[in-house]
Amino acid sequence: MITCEECKGACCREVSVEMDTPVNLEDWDVIKWMVAHENIAVFQDQENDWLVEFKTKCSKLDVKNRCTIYKVRPKLCNEYPVDDCIINADEPAEKIRFDTMEEVEKYIEDVVKAELLKKEEEKKLVNTEVCEA
Ligand code: SF4
Ligand code: SF4
């Protein structure tokens with residue numbers, strides 16, 4: 001396991017914020033727009049939650065990769081588990097990850113459109129069954 005002393009403060013160099021699960025092509029268009037920006041990624045984690053990641057260094061990290069406010073650092077930092085952090089976790093945090101607009105466009109063509117079509121057909125089938133009942 002890598003210790004925090006050996007690490008370059010990897011967890012202090014990004015912020016991830018939960019976002020709504022994309023459910024239609026408009027939502028996917030928003031994801032395309034987000035990742036077109038520098039230092040922004042979007043991913044789905046192992047719990048199926050969707051997050052937007054801002055790759056940006058915390059202003060409290062010094063040049064030696066030490067927290068300059070260690071004793072009063074936010075609870076979130078204090079409670080972050082080193083044995084399950086982005087460096088030491090057994091599996092990557094992401095199931096799916098997009099760093100570029102092109103990756104999103106490919107995923108829309110390869111996966112999303114087929115999934116949306118399937119859902120639409122299932123909905124039609126349910127409506128037909130309801131009408132026939
Ligand atoms: S918790 Fe993990 S990612 Fe953060 S500094 Fe320690 S080893 Fe690095
Ligand atoms: S406050 Fe300290 S521990 Fe928290 S992200 Fe910033 S540098 Fe890292």
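Predicted model: local features only at pLDDT ≥ 70, side-chain atom pairs only at ≥ 80, totals over all residues.
Residues are numbered from 1 along each chain as its sequence is written, while chains are lettered from A and ligands numbered from 1 in the order in which they are written. The chain holds three helices and four strands. Helices (H or I, at least four residues) and strands (E, at least two) are DSSP runs, numbered from the N terminus.

**Overall form**

- Along the sequence, the elements follow the pattern β-α-β-β-α-β-α.
- The radius of gyration is 20 Å, well over the 14 Å that the globule rule gives for 133 residues, so the chain is more spread out than a compact globule. The radius is taken over C-alpha atoms, and the rule is 2.2 Å times the number of residues to the power 0.38.
- The C-alpha atoms fill a box of roughly 70 × 30 × 25 Å, taken along the principal axes.
- Of the 133 residues, 7% count as buried. Buried means that 20 or more other C-beta atoms lie within 10 Å of the residue's own; exposed means 12 or fewer, and partly exposed is in between, with C-beta atoms placed from the backbone.
- Among contacts with a separation of 6 or more, 68% come from residues 24 or more positions apart. Two residues are in contact if their C-beta atoms, placed from the backbone, lie within 7 Å.

**The sheet**

- Four strands form an open sheet in the order β1-β3-β2-β4, with antiparallel pairing. Strands pair if DSSP finds at least two bridges between them.
- β1 (15–19) and β4 (94–98) stand at the edges with a single partner strand each, so one side of each is left without a neighbour in the sheet.
- The twist averages 30 degrees from one strand to the next. Axes are lines fitted to C-alpha atoms, for helices over the stretch in contact, and angles run from 0 to 180 degrees between N-to-C directions.
- Five bridges join β2 (residues 40–45) to β3 (residues 50–54). Here A41 stands opposite E53 in β3.
- Helix α1 (residues 25–35) packs on the sheet and touches β2, β3 and β4. The direction of α1 makes about 135 degrees with that of β2.
- Four bridges join β2 to β4. D45 stands opposite E94 in β4.

**Ligand shells**

- A residue is near a molecule if its C-beta atom, placed from the backbone, lies within 6 Å of it.
- Around ligand 1 are I2, C4, C7, G9, A10, C11, Y80, V82, C85, I86, I87 and N88. By class, this shell has ten nonpolar, two polar and no charged residues.
- Around ligand 2 are C12, C58, K60, L61, C67, I69, R73, P74 and C77. This shell divides into seven nonpolar, no polar and two charged.
- Ala, Val, Leu, Ile, Met, Phe, Trp, Tyr, Cys and Pro count as nonpolar, Asp, Glu, Lys and Arg as charged, and the others, Gly among them, as polar.

**Positive phi angles**

- Most residues other than glycine have a negative phi.
- N39 has a positive phi of about 65 degrees. N39 is found in the loop between α1 and β2, and is exposed, with 11 other C-beta atoms within 10 Å.
- N65 also has a positive phi of about 65 degrees. N65 lies in the loop between β3 and α2 (75–78), and is partly exposed, with 16 other C-beta atoms within 10 Å.
- N48 takes a positive phi near 75 degrees in the hairpin of β2 and β3, which has four residues between the strands.
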